[in-house]
Amino acid sequence: MLPYVNKLFKVLAISLVTAGSLSAQEAVFNTPFYYTRNVMNSSYAGMSSGINTTLLYKQQWAGIEGAPTTALLNIDFPLSRKRGNNNAIGIGIINNQYATYSYTTLYIPNSYTLKLGKGDQSLRFGLAPKIVMNAIDLSQAIAEDPTDPTLTVGTPSFTYLDANFGMSYFVSKEISFGLSVDNFVTNVFADRADRINYSNYSATTFNGDVRFYTPDLKKGAPRLFIDATVQHQLGLQTEFSGYARLGELDQNIGVGYRSSGALMAIIQASVSSIQIAYSFEYSFTDIQSYTAGGHFIALRKVF
């Protein structure tokens, strides 16, 4: 057990140093869901056999000053590598920013798997406590009157606790369904008037997802990977995202669609045991006239 723990601490140290060098940011629901599955639904934590480390960066609407960006670091792992162990845990940090608003979340996903008979059929349950820190940097505001005293009041900030609860049902390794609810603690116990910028980042969100992968025939035939999710942000909006990819699990190409008005081209490859994913996003709304599109890049390695 000790070598496994030592390796975990090394991965945590290296990853946290790397994440600290990022100039972070943007809403996670604008990133490919299949690549950051346990951020939306905590029951997916620890699905890899080892220490799964993911580093992600997304820029929305490149070329527009103050456009949303996101940086994410996620590490999750089973608590033991012994077959039949049902518990997993993780840690992650997400930093979002748009215009004057900065939003950082530290979350600790935990999951439990309940086997259902023979095979891979199972129920997974997850809970991720979160610490959310948000702030408005008024020095970044564009004002008609630079001497406006409002701009000299410092950086208003607010920190609160929240949580994500999720559950998922695996018919097999290739087919699964999930339900989750995010940001439900703050909306019950915190005074909305005391929060700054009550936005889609802090609204209670209900999520549903489905995954369908064709079996691995091990005969050189490409596989089809389909991932889809629906999100409803309480009192705000409902959004659908879908992704279809063709190839192997760690090397594939595909397309994505988001109902808010975006198409994505996706490519994923594996280089020296490191998985690399890139997505270019084209908005078919009026904003595309002012932007060079969106860019998403992610690195993943399982230790």
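Is K130 buried or exposed? In this predicted model, K130 is buried, with a relative accessible area of 9%. Its salt-bridge partner is D182, and the closest N and O atoms of the two are 2.9 Å apart. D182 belongs to strand β8 (residues 175-182) and K130 to strand β6 (residues 122-136), so the bridge ties together parts that are 52 residues apart in sequence. D182 is also buried, at 13% relative accessible area.

The structure holds 7 salt bridges. E281 takes part in two of those described here, one with K58 (3.3 Å, N to O) and one with R258 (2.9 Å, N to O). The pair of K58, in strand β1 (residues 52-59), and E281, in strand β14, ties together parts that are 223 residues apart in sequence. R258 lies in strand β12 (residues 251-258), and its pairing with E281 spans 23 residues in sequence. Relative accessible areas are 4% for E281, 1% for K58 and 3% for R258. A network of salt bridges links R37, D209, D227 and R245.

On the surface, a nonpolar patch with about 640 Å² of accessible area is formed by I253, I267, V271, I274, I276, Y278, I297 and L299. Strands β13 (262-271), β14 (274-283) and β15 (294-302) each give two or more residues to the patch, and β14 gives the most, with 3. I267, in strand β13, is partly exposed at 46% relative accessible area.

The mean pLDDT of the chain is 79, and 77% of its residues reach 70 or more. The pLDDT is below 50 over residues 1-28 and under 50 over residues 195-200. Where pLDDT is low, predicted coordinates should not be read in detail.

Conventions. Residues numbered from 1 in each chain as written. Predicted model: local features only at pLDDT ≥ 70, side-chain atom pairs only at ≥ 80, totals over all residues. Heavy atoms only, no water. Patch = residues over 30% accessible without salt bridge, like charges linked within 9 Å, V, L, I, M, F, W, Y side chains within 5 Å. Areas by Shrake-Rupley, 256 points an atom, 1.4 Å probe, with all protein chains shown as cover. Salt bridge = Lys/Arg side-chain N within 4 Å of Asp/Glu carboxyl O. Helix = DSSP H or I, 4+ residues; strand = E, 2+ residues; numbered from the N terminus. Buried < 20%, exposed > 50% of the residue type's maximum accessible area, 1.4 Å probe, protein only. pLDDT = per-residue confidence, 0-100. Contact = heavy atoms within 4.5 Å.
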